[in-house]
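Trainee: I've got a model open on my screen and I'd like to learn how to read it. Can you walk me through it?

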2 protein chains.
Amino acid sequence: MDLEDARLTIVGLGLMGGSMALALRPRCRELVGIDSNPETLELARRAGITTQESDPAQAHTDVLVLATPVKETLRLLEAFRSDPPAVHLLMDIGSTKRQIVDAMEMLPSRVAAVGGHPLCGKERAGFAEAEAELFFGSLFVLTPCSRTTPSSLALAEQIVGALGASVRQMEAARHDRLVATASHLPYLLATALMRSAESVGGKDPELWDLVSSGFLSTSRLGASDLTMMVDILTTNQDNVQEALALAQSELEQLRELLVGGEIGRLRDYLEPSQLRRASMKNPGGSTRGA
Amino acid sequence: MDLEDARLTIVGLGLMGGSMALALRPRCRELVGIDSNPETLELARRAGITTQESDPAQAHTDVLVLATPVKETLRLLEAFRSDPPAVHLLMDIGSTKRQIVDAMEMLPSRVAAVGGHPLCGKERAGFAEAEAELFFGSLFVLTPCSRTTPSSLALAEQIVGALGASVRQMEAARHDRLVATASHLPYLLATALMRSAESVGGKDPELWDLVSSGFLSTSRLGASDLTMMVDILTTNQDNVQEALALAQSELEQLRELLVGGEIGRLRDYLEPSQLRRASMKNPGGSTRGA
């Protein structure tokens, strides 16, 4: 089945699901959005998305995309065990993949399912932030499992291509281990920075006048949607703890070097990652803010 | 003395000094740049800046701006004790202020000096990155001391205004305490993230393909100029250690909450700073990247 002939249903019209709906609507036969929030449905309708309030399992559709927070996705997959949707492809776009792929493995064998994770986003949530171009140029991880058929995988790859992203196939366990450092640890560090600043700013509020683009850049992920992040942290707990322990050990080394006051050793410690980071690109083209 | 009648000399034509030179050249009678690096001098000349290789203490100028790394600024101020420049205003733009203001206090009493710190920048160094608009809309801290005369302070305020920044007067000790959290801690967290990623990426280089704008944003300051940052950390050691200890304690609390697995408590911990950060602006207008 080709994407242009397919009916798509997207469950969850937040930032990610809403952006997928906007991007894929012109590329498929029919696209329907489902969301439990009436305000979200109204926003989506105004943006030209057909919406329904039906049960996802009952959707008359070829492709069912779960774009809900991870725990809600797990709840839906659990419900599908006894009441599976009749679709060509069931996919999700959750930020952690092991528990989701495990849940997909428990589905009746006729349900063709594949896990997905688009490596993009914003720290602001909701359909109001959705944009068709969100995925453009980014990587979209697909985590196939024993429930993935060749034709369902091919359809998932067409969807990724239509979003302007590129496919990277990866095992769920490896994905979860790597994103703990690439994505979840940055969130924890941003949060620790915000909490530290709250503490200092509580005693001297002039702190908030002194924050400039460096602070804003480092703390940006601290604004991420709470439900999404709590689901991510608790479904990737082991890897997140390991990444956090690594960062804690680095900060402890930094503290010791500062106490020691040996400038040469401090420089040696800082230099390799300074060189690496200087060779990497910057987000959004903005570079101000030391 | 008014800025438009003044001769200015800027020592150090890196990102900050170079940007000041570009911004102030059309606003004063004469502007000269001094730098020890022949390539920097060549770049500055090509951008229309008059350059000299003279000794800063001997510069025939009304305003002498030290835009060197903090330790070099301290070295110059030390040399000025016995060989003071004959100027209306001596100012610096170093990122830590206590040691600099202390050194200014040791100058002959006829030297009118004021400490300064523009709260802007980029993580990329050098004149090639300089731009006249760098300071526009940002805060510029001035730390007056007993060597600051009313007329030298007024001239410094004119300079800040000509850069498009706004003046905030502050004691050096308070400045250093607040920037430890607002600026130096973000750098340390960005560095800890980069070092953690180096460690994980060393075992599985596919990590680097999975970093997206959230990682890039959080790690951005890790690319900051090493000499500048080592000077900053070592001249604000006590405050930086205190800010670091605060962040370490927050990360330890996060670790305990993750281990404990109580979602309600984790949410309660994350929520206040999520709300605060969501109400703050973002750097450079870019918001992609969760």
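Mentor: A helix here is a DSSP run of at least four residues, numbered from the N terminus. E250(A) sits in one of these, helix α10 of chain A. Keep in mind that this is a predicted model.

Trainee: Is E250(A) buried or exposed?

Mentor: The cut-off for buried is under 20% relative accessible area. E250(A) comes in at 7%, so it counts as buried.

Trainee: Which residues is E250(A) in contact with, leaving aside its neighbours within four places in sequence?

Mentor: Y269(A) from its own chain, plus A192(B), R195(B) and S196(B) across in chain B. With Y269(A) there's a side-chain to side-chain polar contact at 2.5 Å.

Trainee: Now a whole helix. How many residues of α9 in chain B are buried?

Mentor: Start with the general idea: an α-helix has 3.6 residues a turn, so residues three or four places apart point the same way. Helix α9 of chain B, residues 226-234, is mostly covered, with seven of nine residues buried. Among them are L226(B), M229(B), V230(B) and L233(B).

Trainee: What do those buried residues pack against?

Mentor: Helices from both chains: α10 and α11 of chain A, and α3, α4, α6 and α10 of chain B. Look at the start of α9(B) too, where a side-chain oxygen of D225(B) comes within 3.1 Å of the backbone nitrogen of M228(B).

Trainee: What rotation superposes chain B on chain A?

Mentor: One of 180 degrees, with 0.0 Å of shift along the axis and an RMSD of 0.0 Å. That is how a two-fold axis relates its copies. In chain B, T218(B) has the C-alpha nearest the axis, 2.0 Å away. Both copies use the same surface, as 100% of the contact residues of chain B recur in chain A.

Trainee: And within chain A, which domains are assigned?

Mentor: Domain 1 covers 3-170 and domain 2 covers 175-285. Their centres, taken over C-alpha atoms, are 31 Å apart. The contact draws 16 residues from domain 1 of chain A and 18 from domain 2 of chain A.

Trainee: How do I read the area buried between the two domains of chain A?

Mentor: Ask how much there is and which atoms give it. Here it's about 1,400 Å², with 58% from carbon and sulfur atoms. On the domain 1 side of chain A, T96(A), R98(A) and E123(A) supply 42% of the area buried against domain 2, more than any other three residues.

Trainee: How many salt bridges are there between those domains?

Mentor: Two. The side chains of R98(A) and D176(A) also meet in a salt bridge, 3.0 Å from N to O.

Terms used
Residues numbered from 1 in each chain as written. Chains lettered and ligands numbered in written order. Predicted model: local features only at pLDDT ≥ 70, side-chain atom pairs only at ≥ 80, totals over all residues. Heavy atoms only, no water. Buried < 20%, exposed > 50% of the residue type's maximum accessible area, 1.4 Å probe, protein only. Helix = DSSP H or I, 4+ residues; strand = E, 2+ residues; numbered from the N terminus. Contact = heavy atoms within 4.5 Å. Polar contact = N/O pair within 3.5 Å; in protein donor to acceptor, adjacent residues only side chain to side chain. Least-squares fit on C-alpha atoms with pLDDT ≥ 70 in both. Domains from an automatic or database assignment. Buried area = accessible area lost by both parts, 1.4 Å probe. Salt bridge = Lys/Arg side-chain N within 4 Å of Asp/Glu carboxyl O.
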